[in-house]
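Dear colleague,

I am passing on the structure we spoke about, and I would be glad if you kept it open while reading. My notes on what was found in it follow below.

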Amino acid sequence: MIILGIILIVLGYLLPVPSIIVTIGWILLVVGLILTLLGAVGRPVGRKTYF
């Protein structure tokens, strides 16, 4: 999610595409970072726990 968000943000700023692409990229980036942080502190994400 994080990588896809970064790709969409970069493409949105470099290419003449609608600004919704940049917005979707930022949303994916933020959600990916939140899920990564929750997984790193040991919280189960999506009912999955990793040891």
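Valine 10 counts as partly exposed, since its relative accessibility is 42%. Please bear in mind that this is a predicted model, and that every value in this message was computed from it.

Which residues of helix 1 are buried? They are Gly5, Leu8, Ile9 and Gly12, and because they cover an arc of only 100 degrees around the axis, they lie on the same side of helix 1. Ile3 and Leu14, by contrast, are exposed on the other side of helix 1. Helix 2 is included in what covers the buried residues of helix 1.

**The whole protein**

Stepping back, the protein has two helices and zero strands. Of its 51 residues, 16% are buried. The protein exposes about 4200 Å², and 76% of that area is supplied by carbon and sulfur atoms.

**The loop and helix 2**

In the loop between helix 1 and helix 2 one finds valine 17, which is partly exposed, as its relative accessible area is 35%. If residues up to four places away in sequence are not counted, valine 17 touches Leu11 and Gly12.

Helix 2 runs over residues 20-40, and its 21 residues should span 30 Å at 1.5 Å a residue, which agrees with the 30 Å between its end C-alpha atoms. The buried residues in helix 2 are Val22, Gly25, Leu29 and Gly32. Seen down the axis of helix 2, these buried residues fall within an arc of 90 degrees, and so they line one face of the helix. What do the buried residues of helix 2 pack against? They pack against helix 1, residues 2-14.

Isoleucine 34 also has its place in helix 2, but this residue is partly exposed, with a relative accessible area of 47%. Just after helix 2 comes glycine 42, which takes a positive phi of about 95 degrees.

**A nonpolar patch on the surface**

Finally, I would point you to a nonpolar patch on the surface, formed by Met1, Ile27, Val30, Val31, Ile34, Leu35, Leu38 and Val41, which together have about 680 Å² of accessible area. Isoleucine 34, described above as partly exposed, is one of the residues in this patch.

In looking through the model, you might begin with the buried residues of helix 2, among them Gly25 and Leu29, and with the way in which they pack against helix 1, and then turn to the nonpolar patch on the surface.

Key:
Residues are numbered from 1 along each chain as its sequence is written. This is a predicted model: local features need pLDDT of at least 70, side-chain atom pairs count only at pLDDT 80 or more; totals for chains, interfaces and linings use all residues. Side-chain values use heavy atoms; hydrogens and water are left out. Helices (H or I, at least four residues) and strands (E, at least two) are DSSP runs, numbered from the N terminus. Buried means under 20% relative accessible area, exposed over 50%, partly exposed in between (1.4 Å probe, protein chains only). Accessible areas come from the Shrake-Rupley method with a 1.4 Å probe; for residues, only the protein chains shown count as cover. The expected span of a helix is 1.5 Å times one less than its number of residues. The arc is that of the directions from the helix axis to the C-beta atoms. Contact means heavy atoms within 4.5 Å. Patches are made of residues with over 30% relative accessible area and no salt bridge: like charges are joined within 9 Å, nonpolar side chains (Val, Leu, Ile, Met, Phe, Trp, Tyr) within 5 Å. A salt bridge is a side-chain nitrogen of Lys or Arg within 4 Å of a carboxyl oxygen of Asp or Glu.
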